[in-house]
Amino acid sequence: MIVVGAGLAGLRAVEALRARGFGGALTLVGAEPHPPYDRPPLSKDVLAGAADDTALPVDWAALDCVFRPDTHATGLRPHAGHPGGVLVTTAGELPWDGLVLATGAHAVRLPGTGPQHVLRTVDDARRLRALLTPGARVVVVGAGWIGAETAATAAARGCRVTVLEASPAPLSQALGVRLGALTAPWYAEAGVALRLGVRVASVDEGGLTLADGEFVAADVVVTGVGARPGTGWLAGSGIVTGPGVVVDGALRTSRPDVVAAGDCASWWSARYGRRTTAEHWDTALNAPDVAAASLLGQDAVYDPVPYVWSEQFGRMLQYAGDHTGADRTVLRGTPDGPGWTVLWLRGDRLEALLTVDRPRDMAQGRKLAARSARLDTALLADPDVPLTRAALPPDAPAASPNAPAPYAGSVRNAPAPAPDAIPR
């Protein structure tokens, strides 16, 4: 067996193969020169200078695994002596009978010839950290999860930070405009200039050129506008991609001897009735066990409630579920308070939730969302009522689909923030 990709997903696949009884030869191939490491601390502890190494604990001897770092996979080809084939790499060809694809994703870069930094690897974080000096003009493009975390860390290091976001609010792709706008005041509190509805045309020497021709001077440009699955090397292999490695609910690819897990995989979710990807730590942690089981011919299905967490501007944000099918929202607490929660429901069933410094709501709500629990909407808006107390028995009468939301915490019909209410 060969596992391609030496991040958290790759390491977890190696561990899972051994835990599930595979006793044959096992190789882990990684493109980076480093052993597997944890990525969430990169935008926090590593960038802040509080840590330099986030290596994951590994006992290679106990795993009986050959680790090949600094080795790039470049293709697959058939091999007469192995049912699987040969993995073509920069260090030579490696025959395989079973293959796990865990090649992650690559950060998207903006057009232009000027220097720009991304934050995807530990080397990215170390290079960027050296430039985050007090007074440095730092422009972060993108106010998503990684952009917000990077801006917060840079501001805490004394940089003069500006965030440029094409959408009308931060985190709008993840949360929608109305709820993303609730995070906008955090930027001003941290001394970060937030410019919304701004598109970048190119990164140039000394700064960026915007779509309207304006030039924004910068000493450091950080691009946080998304990532693409690392699948280009699979062209011509017969493994279906588009985008990401296309897999079923058991994480099997179009070839029965190849599975995929982590950021590079696009799996079928029966829970949501569609294909999905998730570039988050939780997926890299848990999906590889299902991939290993499938590769060994064991029954397993990967169909979780998606989960992501982020630390930004001194706050812990956690999101679980999928709110695309929700028809109402409930706000528990107030955005100017010490912590608050937003719940998305379809009728009276919990679809998703966002918590800000309310870990108990997340711990309870994540379990409720996993079973599409029905909730007593009259209790939800009270932040002092545990979510589990609002759970309805299965035989309780269903809420009328045409009834208006009967709770003061609804933000479904809240007006959008005025333009001058959003810090620029």
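A crossing of two helices is called left-handed if the near helix is turned anticlockwise from the far one by less than a right angle, and right-handed if clockwise. In this predicted model, α1 passes α9 in a right-handed crossing. Helices here are DSSP runs of H or I of at least four residues, strands are E runs of at least two, and both are numbered from the N terminus.

Two notes on the source. Residues are numbered from 1 along each chain as its sequence is written, and side-chain values use heavy atoms, without hydrogens and water. Local features need pLDDT of at least 70 and side-chain atom pairs pLDDT 80 or more, while totals for chains, interfaces and linings use all residues.

Back to the helix pair. Contact means heavy atoms within 4.5 Å. From α1, residues including Leu8, Arg12 and Leu17 meet residues of α9, among them Trp281, Pro288 and Asp289.

Next, the cores. A nonpolar core is a set of buried Ala, Val, Leu, Ile, Met, Phe, Trp, Tyr and Cys residues joined through side-chain atoms within 4.5 Å; buried means under 20% relative accessible area, with a 1.4 Å probe and protein chains only. The largest has 51 residues, and Leu17, Leu87, Leu101 and Leu251 have the most contacts inside it. Apart from that core lies another of 44 residues, including Leu119 and Trp344.

Last, helix α4, residues 122-131, where Val122, Asp124, Ala125, Leu128 and Arg129 are buried. Seen down the axis, these buried residues fall within an arc of 150 degrees, so they line one face of α4; the arc is taken from the directions from the helix axis to the C-beta atoms. They pack against α2, α5 and β15.

Methods:
Buried means under 20% relative accessible area, exposed over 50%, partly exposed in between (1.4 Å probe, protein chains only).
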